[in-house]
Amino acid sequence: MLDHKDLWKIVKKNLKGSQPDHAYSTWFDPIVSIGLNDNTLLLELPNQFFYDWIQAHYIDIIEKAANDEHGDQLTIKYTVAPQNPLIDQQHQDDFQGQRDPSPARKPNKSLNESYTLVSFIEGAHNQFAKAAALNVGENPGQQSFNPLVIYGGVGMGKTHLLHAIGNSILEENPRKNIVCASSEKFTLDFISSIQKNKTIEFSKTYRNADVLLIDDIQFFQGKEQTQEQFFHTFNELFQSGKQIVLTADRYPGEMVGLQDRLLSRFKSGLAVDIQPPDYETRVAIVMEKAELNGLKLPYDIIELIGSHIKNNIRDLESTIIRLLAHSSLSNQEIDYNLAKKVIKERVGHISASEITVEEIIRKVSSLTNIKESDIVGQTRRAEIVEARQISIYLCRDMLGSSLASIGMHFSGRDHTTVLHACRVIEEKRKNNKRILGIITDIKNELSIVLS
């Protein structure tokens, strides 16, 4: 009899022959067989979205393909990687002997195990925050990093770092009692303890923590009794040398509606911010998220997404998921045009001011094979001067920037040089198809969400 890996290998081969290429590569190829026991086949899916999509669209197809090959009636059950079973926890336990050995540390249900410091993509915008998280993960309770407050806008990776710190500490010391909760959960737990006359149990839950991780402390605003409880919890843990890590949407000193003594505690340790990711980091994040979702994207599509989805990391991941959904619903391969359509839906109509001089220079560099440093530099070779003049022209035409402002980006050139470049390219685009083509291509790519 075939073992589960060989069985699934044959089933996948049959599915590849019967399903469209894009559907197979997107939805079937990433599935991994975990075990076969008592005519029950356990399959592992990459994530929750993947599971929902399989359940809605392909559950019968998979079951039929597996049964056609196996002969006996098979039951298919699913789990989500790495260790988040969605179906029948007791049944999954039956397969433990067929899987890799479970980790030594006991899973902490309040932590997302996929949020680690290794999987957190570092860039200039979050370098300091990650360094602080690494330090806390290695030395929890260190006075100068306690409390650690990580702040920044929505979808910047604050929650990822919060959970990563907890996971890092547990890796080093599995016996640590780590309590991780959102501010809303802390509030609801407190209210519930009052209603059920269990305030002592509530206090023990949070005050017995070796490490306390609280997400989105700004939602304590205006909740006086909750703030009072959290103040005493904070004090007891802090005085016992326990590590406290908090996240917020802004610097603690800018919060309103929080007690002064709480704000004073929050500001007594280290506050680190996370800014929106730069272009290079966005591209790296898109590549990472695409890989995690089992999606192989051409680099031009990755670059397109990274250029236009700028606000936060969550939007980048959402765009990948939308691409997968569109591809399956419309029964088409993921290509450049589909990516443009999804980006338009995601960000809507943006203003030209959201395009930067740097992006224009980067696109000109890519199309002309002239280094960005040469375009903004002093070299006078004809092909470099032409690329520089095209860049200057597009900055003026697309951004409406002042001549002086543009000149500052190009090694401090004066306004007469900038104006001359604009006039030269304006004349060339009328008579030179190559120049017109370069300008049109760049405009189309940078303006796909402007129309």
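1. Let's start inside the protein. Isoleucine 305 touches Val286, Leu297, Leu316, Thr319, Ile320, Leu323 and Ile343, leaving aside residues up to four places away in sequence; a contact here means heavy atoms within 4.5 Å. Ile305 is also among the residues that touch the most other members of the largest nonpolar core, along with Ile54, Leu297 and Leu323. That core has 48 residues, and helix 14 (residues 313-329) gives the most to it, with six. A nonpolar core is a set of buried Ala, Val, Leu, Ile, Met, Phe, Trp, Tyr and Cys residues joined through side-chain atoms within 4.5 Å. There is a second, separate core of 27 residues, including Ala387, Ile392, Ile406 and Val418.

2. A word on what you're looking at. This is a predicted model, where local features need pLDDT of at least 70 and side-chain atom pairs count only at pLDDT 80 or more, while totals for chains, interfaces and linings use all residues. Residues are numbered from 1 along each chain as its sequence is written, and side-chain values use heavy atoms, with hydrogens and water left out.

3. Now the whole chain. It has 21 helices and nine strands; these are DSSP runs numbered from the N terminus, helices being H or I with at least four residues and strands E with at least two. Of the 451 residues, 47% are buried, meaning under 20% relative accessible area, with exposed over 50% and partly exposed in between (1.4 Å probe, protein chains only).

4. Five strands form an open sheet in the order 6-7-8-5-9, with parallel pairing; two strands pair if DSSP finds at least two bridges between them. Strand 6 (178-182) and strand 9 (270-274) each have a single partner strand, so one side of each is left without a neighbour in the sheet. Further in, strand 7 (residues 211-215) and strand 8 (residues 243-248) are joined by four bridges, and leucine 213 has valine 245 in strand 8 as its bridge partner.

5. What about the cysteines? The structure holds zero disulfides, a disulfide being a pair of cysteine sulfur atoms within 2.5 Å. For cysteine 422, the closest cysteine sulfur is in cysteine 395, 8.7 Å away, too far for a bond. Cysteine 422 is buried, with a relative accessible area of 9%, and cysteine 180 is buried with a value of 9%.

6. Alanine 131 is partly exposed, at 40% relative accessible area.
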